[in-house]
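The following note sets out points for a colleague who is reviewing the model below. Each point may be checked against the coordinates.

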There are 2 protein chains.
Amino acid sequence: MQKNILIIGGGPAGVTTALTAKSVRPEQSVCVVKDIADGVIPCAIPYMIHTMSDPSQNRMGDQSLTDEGIEVINDQAIAMSPSLAEVTLKSGAKLAYDRLVLATGAKPSLPPIPGIDKAGVYTIQKELNYLAALRNELHAAQRVVVLGGGFIGAELADELSRQGSVETHLVEMMPNLLSNAFDTEFCQHIESILAGQGVQIHTNSKVQSIEGQSQVHGVVLDSGEILPADLVLVGVGGKPNVDLARKGGLRITDGGSIWVDSYMRTQDDKIFAVGDCALKRDFFTRKEVPVWLASTATAEARIAGTNLFSIRVLRQIQGTIAAFSTNIGGVSFASAGLTCQSCEAEHFRIVTGCVTAPDRHPGNLPGVAEMKVKLVFADRAGVLLGGQISGGPSVGELINAVAIGIQKGLTVRELDMMQIATHPLLTPAPTVHPLINCAHQALAKLRKR
Amino acid sequence: MQKNILIIGGGPAGVTTALTAKSVRPEQSVCVVKDIADGVIPCAIPYMIHTMSDPSQNRMGDQSLTDEGIEVINDQAIAMSPSLAEVTLKSGAKLAYDRLVLATGAKPSLPPIPGIDKAGVYTIQKELNYLAALRNELHAAQRVVVLGGGFIGAELADELSRQGSVETHLVEMMPNLLSNAFDTEFCQHIESILAGQGVQIHTNSKVQSIEGQSQVHGVVLDSGEILPADLVLVGVGGKPNVDLARKGGLRITDGGSIWVDSYMRTQDDKIFAVGDCALKRDFFTRKEVPVWLASTATAEARIAGTNLFSIRVLRQIQGTIAAFSTNIGGVSFASAGLTCQSCEAEHFRIVTGCVTAPDRHPGNLPGVAEMKVKLVFADRAGVLLGGQISGGPSVGELINAVAIGIQKGLTVRELDMMQIATHPLLTPAPTVHPLINCAHQALAKLRKR
């Protein structure tokens, strides 16, 4: 069967590519092949443990696709031939394409820890029935160890600790949780919230082995400490799923992702790759970076979906900024662009501002949270390099003001004089909004240099 | 007494100018003269009726100033002499200055309606004791008529209707409430919310007279309808308070505000004006516009406060965008830049996108609200001209992403491929975020032209 546009993968990257392509060229046939019949919204997986009363609340159906006349095939792509412009499915069917988009995502990979194959050790699979069964196991468990203190691990631990009845351990190799996205003071805030909810945090810790007969009963750290466990959640590892691309002879990067140009084209200009499986270049250094966020994936999907047959919309904003938000213990955290730590690692000379204020005004209104904004600017040029925010739920959209600022090259001097909207029930006061006052503080530092 | 920097006015514009000036040149003496001893946060005045349990919650004290070593004088400036560089206070004191900043605000002005001087007709004064007394009157009233369906009038009516016991009428000359900031569909949403709370809305209505003996007992509309009232709140009128500037011979614009250049300088380069009393030029047309928002005022204050003695920070973003948010009946509304209506009035050729989505994902999570975003772009250039948003509380910060986009010349093509942050508990899904999808929809329209 010949498809104009064939997309392999039904996650956010695949879905958004399909919807974008169909809206741009409605006359073309668009087909999505997905190997998970009952998928879920990936970012909401942790909330299937406690926040959602029923795990099926997180089902990601096909209706948004079929409503637009996009065909959905539940099958697995097992081979591809760029020269024939053809993909072979597990069922034996062969699908020819005018344009192929690989949105094969990332796959969990078990870190090489002795005993990691024991029963009771679970990776996070994006499949509804698997996760519903895992939820039941988690509700029955007494002691759970979460491996990996990135955002998935931290969100899983947060949800587990809300269950009340389960002893939760969180193990992270680095000195702090979430240190890829946040500087130490924000990481420590997250750690103190989780600790306050009873999560036992083990940073600077490697797992030496997983103990037990066939069933896990403990996790041994490199310190020698043994964490008793009847269930282990693996929130680390994972790698781009490039099996199909590799079979097709597509170029794979040193980082293990599918090489693409700025328009998400592989070296075969009929084949695109988007999302977790595709090469991402850092916005500031253009180095390869492993940023596996649905929001990043969908931005790439819009680039690919618009430009499959010709470059219709120039990509003026190059590179990945890793804009990201989360919620730990009811406090919202968000980050975009570079942190101070990542600037140091990459030798950027910087100036920062860090300001707090109540997120409504006056600060005695009901429901007020403290908002903290930290912005990082390049030293001389004053260009915004990154931002970190904590506070109430409004943080989730305020980081997008920062994200747009980064991508548009906003400078500290422009931000100092930027007009923003404020309202007593919705934002900090106009006199003290931390977004603006960070710029003002950074400028004051620059004047003293 | 000689002051380095003398600021007349203790509202957000005056306070922010003082704080900015002091932070830029800590060695200078900064003095604020304010004629209201017990001031309030102006934007929160409506919430003193119902949301705040005690009106003193909204007191705006002097501590933020005195903490920084800024002198505060409670007195009224009654005359100024630019040639002597001197201001005379009501107490008789004379203050000399190196730089003078007029932040004299706007003053309520009674519209020329017969009977408007009757007892029971109240303007909104920014003074705590006055407002505390007014609150008591409002709590005792049976029937209140609010004149003016701008944001102050709509917020007052919203708060009054939450009291439950009071019959509330809202009278507006234009066909819709809040039509300066929103297009009709958003205005109608606001009207339906207020009507659902029992507010009786009279649009397309002028007030012919106010009836009663010495005490008001009704409002007569031009239709002949009589609205019984034992209290009338005037939420219209108002004009820049330029009395002092006029006495000093400063140039007053046709719109009745103090003429200033891009750096908020009057024609006397030792004298600045900021906030409601100062000329504002529209961001797109540079026409004089009456935008009296604290957020606008504080942006001007930062420009003036930084550049009092020399232009230290170039003003790269010119003109006023009127970024604005409010909350009516628990639904948040926000606007920045031009609406379709204002584009039509100014003959801008445009293309729009308008998209809704749940403001969390999946859409069945607790606390979900529908988010609606409408963006207006210039037809050919594709530059963002304005945005309107309704939804949950996150609207208050999302409009700032729009505001920054407008001020940085964001284009529809850039926004279509912009990377944003998303999270299940905080934002719409990355696949359907209305901010992005508006751009996509507008691009689709452009392709068909």
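1. A nonpolar core is understood here as a set of buried Ala, Val, Leu, Ile, Met, Phe, Trp, Tyr and Cys residues that are joined through C-beta atoms within 7 Å. In this predicted model, the largest such core comprises 302 residues. The residues with the most contacts inside that core are Leu102, Val232 and Val274 of chain A, together with B:Leu102, B:Val232 and B:Val274.

2. The surroundings of A:Val274 may be inspected individually. Leaving aside residues up to four places away in sequence, A:Val274 touches A:Ala13, A:Thr17, A:Val101, A:Ala103, A:Met264, A:Ala297, A:Glu300, A:Ala301 and A:Ala304.

3. Chain A is divided into domain 1 (2–35 + 75–105 + 239–306), domain 2 (121–234) and domain 3 (330–448). Between the C-alpha centres of domain 1 of chain A and domain 2 of chain A, the separation is 32 Å.

4. The contact between the chains draws 68 residues from chain A and 68 residues from chain B. On the side of chain A that touches chain B, at least two residues each come from helix H1 (12–24), helix H7 (294–306), strand S20 (324–328), strand S21 (331–337), helix H9 (395–407), helix H10 (412–416) and helix H11 (434–448) of chain A. The most is given by H9(A), with ten residues. Sorted by class, this side of chain A has 35 nonpolar, 26 polar and seven charged residues.

5. An open sheet in chain B is formed by three strands in the order S14-S15-S16, with antiparallel pairing. Strand S14 (207–212) and strand S16 (226–228) of chain B are at the edges and have a single partner strand each, so one side of each is left without a neighbour in the sheet. From one strand to the next, the twist averages 25°. Strand S15 (residues 216–221) of chain B pairs with S16(B) in the antiparallel sense over three bridges; B:Val219 has B:Leu227 in S16(B) as its bridge partner.

6. A parallel pairing is also found in chain B, where five bridges join S11(B) to strand S12 (residues 167–171). Opposite B:Leu147 stands B:Val171 in S12(B). Strand S11 (residues 143–147) of chain B is mostly covered, since four of its five residues are buried.

7. Cis peptide bonds deserve a separate entry. In chain A, the bond from A:His361 to A:Pro362 is cis, with omega near -5°, and A:Pro362 is placed in the loop between strand S22 (350–358) and strand S23 (370–378) of chain A. In chain B, a cis peptide bond joins B:His361 and B:Pro362, with omega about -5°; B:Pro362 is located in the loop between strand S22 (350–358) and strand S23 (370–378) of chain B.

8. Positive phi values in residues other than glycine complete the list. B:Ala322 has phi near 55° and is placed in the loop between helix H7 (294–306) and strand S20 (324–328) of chain B. Is B:Ala322 buried or exposed? With 25 other C-beta atoms within 10 Å, B:Ala322 is buried, because 20 or more such neighbours are required for that class.

9. For B:His347, phi is near 60°, and the residue lies in the loop between helix H8 (340–345) and S22 of chain B. B:His347 has 7 other C-beta atoms within 10 Å and is therefore exposed, the limit for that class being 12 or fewer.

How values were computed:
Residues are numbered from 1 along each chain as its sequence is written. Chains are lettered from A and ligands numbered from 1 in the order in which they are written. This is a predicted model: local features need pLDDT of at least 70, side-chain atom pairs count only at pLDDT 80 or more; totals for chains, interfaces and linings use all residues. Two residues are in contact if their C-beta atoms, placed from the backbone, lie within 7 Å. Ala, Val, Leu, Ile, Met, Phe, Trp, Tyr, Cys and Pro count as nonpolar, Asp, Glu, Lys and Arg as charged, and the others, Gly among them, as polar. Two strands pair if DSSP finds at least two bridges between them. Axes are lines fitted to C-alpha atoms, for helices over the stretch in contact, and angles run from 0 to 180 degrees between N-to-C directions. Domain bounds come from an automatic or database domain assignment.
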